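Subject: A structure to look through together

Hello,

I am passing on a structure that I have been working through, and I would be glad if you kept it open while you read the notes below it.

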Amino acid sequence: MATPILELRGLIKTFGGVKAVNALDMTVNDGEIHALIGPNGSGKTTTLNVISGIYRANEGSVKFRGDEISQLPAHTIAQRGITRTFQNIRLFPRLTVLDNVLIGRHTRLRTNFWMTLAPNPITALEEDTARRNAHDLLAFVGLADRAQVRASSLAYGDQRRLEIARALAAEPALLLLDEPAAGMNPTETDALVKLLYQVRDRGVTLLLIEHDMNLVMAISDRITVLNFGTHIAEGAAAEVSQNPDVITAYLGGPLDAGFAQTR
Amino acid sequence: MNRRGAVVAVLLVACALVPFVVHSQYVLQVTDTALIYAIVVIGLGILLGFTGQMSLAQAAFFGMGAYASAIASTTLGWSPWISIPFGALFAAAIGAAVGYPCLRLSGHYLALATIGFGIIVQLVFINARSLTNGPDGINSIPPPHLGSLALDTYQTYFYVAYGALLISVYIAWRVKHSRIGRAFEAIRENEIAAQAMGINATHYKVLAFVLASAFGGLAGGLIAHMTRFISPDSYSFDQSVIFLVMLVIGGSATITGAVTGAILLTFLPEFLRPLKDSYIMIYGAAVVLMVIFMPEGIVGLVRRLIPSYQAPPAAPMHATNSIADSA
Amino acid sequence: MFDPSATLQLIVSGLAMGSIYALVALGFILIYNAVGVVNFAQGDFVMFPSYIAVSFILPSVFVFGTVMHWQLPTVFVYLLVLVLMAGFGLLFNRIAYYPLRDRGWLPVVISTIGVSIFLRNLAQIVWGSQPIVFPSLFSVQTLTVGSMHFRSQDLLILAVAGVLIAFQYVLFERTTLGKQMRATAQDRATAQLLGIRVDRIVAITFIYSVLLGAIAGLLVSPIFTVTKEMGGLISLKAFAASIVGGFGSIPGAILGGLLIGVVENLGGYYISTDYKDAIAFVILIGVLLLRPSGFFGERVSEKA
């Protein structure tokens, strides 16, 4: 029985008169891999930004595990269990790979300013555990030997993995991925697919924006299709790909060749 | 103890012997001043170097610590051992009050707000005569005592300043290598990503600001009880600028850089004094040259020459066209 | 209490001082728009030309401790100073900015600070630390209308500033050079792709900003004395004015300058003379907290 982990109802986000997200409804179920697709400019990244708290919604509701989160600031939303990666990769460039992941773990640690002043067992234990967790995550994404390297010197594909490791360090329930496969060749994309399955197997629900339709069709349990800021279809991958509205949105006009045939 | 630790320990002990080796009052005065300025610059380093937030009000907090401490020990008769920390706390409290609204701004807006704040504070020092004695300043500030020994020479005060500096370095070091320090650096590197990882950026920026104010205020209290006379002239925007230059030249992302910059740029004008009137001019030219040829400050340069260390990140200097926050 | 005639006089002299702030603020904004950096030496480009001018206008002046007689006709001196400062602007661009142009804003800021320190102390070495009185250009110091007195210099400032702003409008809106300057300020990379010689345009922008500062200095010197500190507070207030008006906005810089000039004058009279200088910064902080984009700036909004 599928239970929703994230529910958007009537979500509206405007920028100076333009409705980037227009009365959007969307449901993501717990434990699934859910893709958010649509033509360029359909509001996908904006939706992710609203969910993660980078933007405030103008109207509508975002419920995470039943709690309303739409007016919460980004850092609180991360504490609640939603973390993310970014379309344009936002690593901490001059810090090491390990430090990037450690920062991801920030919300799971408890040391405050006063506790840093004197060495104490709580902080020591916490730091130790955090470091081990970070090394484990780096191994999980295949960056174990790059821990002390500056993040900015990583190859592009490795930077994307690092972003994922960092986002996982907080032990989120829901992970948002904004075009994780962008700029990857087929080999890298396959590796990414394997990685994403492993993330899902760890109990993390995935919501990803992607343009690579092969990836989307292969990996998604359910898909939401956006156009002009509102959803035009939502459901299992196969049925969505046959949906005439979806085909129109992508190809600009009704056609017999559904885009399932373009694979 | 590893080799690096041993080197550091030897250096610390060697420095502690300075007053026994150096007898010139003049050199000791400059040294004591340099140590105290180093504390100010460490504070600025936490705010600008670690967290990437610009402040040009560091001299204002330096002044607030000086005045609070001086007034407490002259008018209220407190012992300097109490009034100096009081100066730090007072500056920190003002920092918290001012920091919270200001740190929602970023980049040059924040810099401007701190400039404005600093100028207003100096004007208060000049005009609130009943409290601060106005342009005439406050004199007869008592020195601290150890039992019956008055620490009123540059030799003896060296240890007060040196001790305070060591404590400051310790605190800054512990903060840097903690979850707090990582949060600071995350904010500097990419504030939006930091927020997305659960870091409450405003909270940490205010914390950094309060720490910078506290260090500035502590240094202010120390200088008041060393020179035993303070006046508003010393706590100007120009002085804030000098602290900034010290930090950047030394290497803003590290504590070593802050201390090095402060010491170097306190001594440099004195070395140039034989050039008589032109010395400050040459100082200005030297600053320009140093910025051109040492992009990551002195510390960065040294670390490049020692291959085993990676050069540390310098202060927020994205090669972009605008001062605007990394969006 | 409220005195209409005093108020009017204060407004006029406030507008004059505000025009000075506006000119200096324009200098800031143009350099900022072009290269993304605040020029901390802007105030010294107000101060230094004033020293040069006064050396040639006065019959005798102390230079390096000895008396010199270099007097030249006034108009000629003004032109000479402007030419020299244009050359200086070019030099400044080449030395303090160009080597650092790819290194981000902080090194350039520090570099301009270095130049500022250098200039102030060069001035002190050459001309000493005594303030120098800049002779008035007018035989009639004040214009009297009824019971009100208006300083002639203030009226000259308003006239010159007006002409300059009109000139600048024509420059930016109607000439190719002006359009190239605006294009470079908006998007350097694209400007380059369009064939605009960006480095040259940036150099021209620097020269123009320095000249604005120089003109401001020449206009304001007869009111205050010429000292090495004269540029300091003026430039800080001008910087505040540019934020109040909306950082990056040219009309904003002008209106911000005028606003601060008038409000601080009225405040100095009606509220407190001691804290007159604080008024500009109180306005600044108020604006920053309430409406950081200023009155004309772009809305400060987040992007992801």
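Which residue stands opposite A:Leu36 in S8(A)? It is A:Ile209. Before going further, please keep in mind that this is a predicted model, in which local features need pLDDT of at least 70 and side-chain atom pairs count only at pLDDT 80 or more, while totals for chains, interfaces and linings use all residues. Residues are numbered from 1 along each chain as its sequence is written, and chains are lettered from A and ligands numbered from 1 in the order in which they are written.

The sheet in chain A

Helices (H or I, at least four residues) and strands (E, at least two) are DSSP runs, numbered from the N terminus. Strand S3 (residues 33-37) of chain A runs parallel to strand S8 (residues 205-209) of chain A, and four bridges join them; two strands pair if DSSP finds at least two bridges between them. Both belong to an open sheet of six strands with mixed pairing, in the order S6-S7-S8-S3-S9-S10 (chain A), whose edge strands, S6 (82-84) and S10 (230-236), each pair on one side only. H7(A) lies across S3, S7 (174-178) and S8 of chain A, at about 145 degrees to S8(A), where axes are lines fitted to C-alpha atoms, for helices over the stretch in contact, and angles run from 0 to 180 degrees between N-to-C directions.

The domains of chain A

Chain A is divided into domain 1 (4-81 + 172-262) and domain 2 (94-166), with bounds that come from an automatic or database domain assignment. Their centres, taken over C-alpha atoms, are separated by 28 Å. Seven residues of domain 1 of chain A are in contact with five of domain 2 of chain A (C-beta atoms, placed from the backbone, within 7 Å).

Two helices in chain B

The axes of H9 (residues 179-189) and H11 (residues 201-227) of chain B come within 10 Å and cross at roughly 110 degrees, and H9(B) and H11(B) are therefore roughly perpendicular to each other (65 to 115 degrees; under 35 counts as roughly parallel, over 145 as roughly antiparallel and the rest as oblique). The residues in this contact include B:Phe184 of H9(B) and B:Tyr204 of H11(B).

Chains B and C

The contact between these chains takes 41 residues from chain C and 40 residues from chain B. On the side of chain C that touches chain B, the largest share, 13 residues, comes from H4(C).

Best wishes

Note on methods:
Contact = placed C-beta atoms within 7 Å.
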